[in-house]
Amino acid sequence: MALPDVSRQLKLPKSSAHKILITLLREEFVIRSNRSGRYSLGHKLFALANQALDGLRIRELAVQPMRQLAQLTQLTVHLAILENFEAILIAKIDPPGVGSLSTWIGRRMEVHCTGVGKALIAFVPEAELDQLLASRVFAQHNDNTIVRAKRLQSELESVRRNGYSIDDEEDEIGFRCLGAPILASGGQLLGAISVAGTVLKVNDENRRDLVTKLTRAAALIARAMEDPPA
């Protein structure tokens, strides 16, 4: 579309429409033809669409493993993807007869103090992680919250080494969460899954068993994502 068309459809002055288009052009959400001067959709929009479709697909494929995990552990199960260094919850399953946690689909969760958050950022490229640690001021929710970049980096090394993360009352006192990354066979980060409950339900005695069930569910989802869509 040409600038006058955009201005007319959006019911904006040409100057305002032009400023918006220049911003979108700079960020590669639109492109402009040098010959005609018309604007069209840029490749970044297609990347966003593909990301959204992947999010929908992983949610669809994760439902059954998540239900089984919730039934086996009697804990709330979350599925999240990473967006702009935030964990976005895209699925949640509560076990039958158990009170629901104060989380919801679409909630943005901090990555430094949640199980899914740590499981996600532990497996991003090193350069991106360095950028996050250098640029972000981490909110302290309580005395357990890790806010120092050096300590968080050490924590993430442990996540990579052990294959799972833990939120040990770091987000909310009285609750623990165990997270595991969902990784493609080539190491690509697809998302993260977690189990969460009170400190009585997630403790040192049952942690190993919970981690085994959790990482098994993450592997099932990863394998399902490797299969071509029907």
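Biologist: Which residues in α5 meet which in α6?
Modeller: Leu129, Asp130 and Leu133 in α5 meet Ala149, Leu152, Gln153, Leu156 and Arg160 in α6. Contact here is heavy atoms within 4.5 Å. Helices (H or I, at least four residues) and strands (E, at least two) are DSSP runs, numbered from the N terminus.

Biologist: Experimental or predicted?
Modeller: This is a predicted model, where local features need pLDDT of at least 70, side-chain atom pairs count only at pLDDT 80 or more, and totals for chains, interfaces and linings use all residues. Residues are numbered from 1 along each chain as its sequence is written, and side-chain values use heavy atoms, with hydrogens and water left out.

Biologist: Back to the helices. At what angle do α5 and α6 pack?
Modeller: About 150 degrees, with the axes 10 Å apart. Axes are lines fitted to C-alpha atoms, for helices over the stretch in contact, and angles run from 0 to 180 degrees between N-to-C directions.

Biologist: Switching to His112. Where is His112?
Modeller: In the loop between β5 (108-109) and α4 (115-121).

Biologist: Buried or exposed?
Modeller: His112 is buried, at 2% relative accessible area. Buried means under 20%, exposed over 50%, partly exposed in between (1.4 Å probe, protein chains only).

Biologist: What does His112 touch?
Modeller: Lys118, Phe138, Ala139, Thr145, Ile146, Leu152 and Glu170, leaving out residues up to four places away in sequence. A polar side-chain atom of His112 lies 2.7 Å from the backbone oxygen of Ala139.

Biologist: And the sheet, what's the strand order?
Modeller: β5-β4-β3-β8-β7-β6, an open sheet of six strands with antiparallel pairing. Two strands pair if DSSP finds at least two bridges between them.

Terms used. A polar contact is a pair of N or O atoms within 3.5 Å; within protein, one must be able to donate a hydrogen and the other to accept it, and residues adjacent in sequence count only if both atoms are side-chain atoms.
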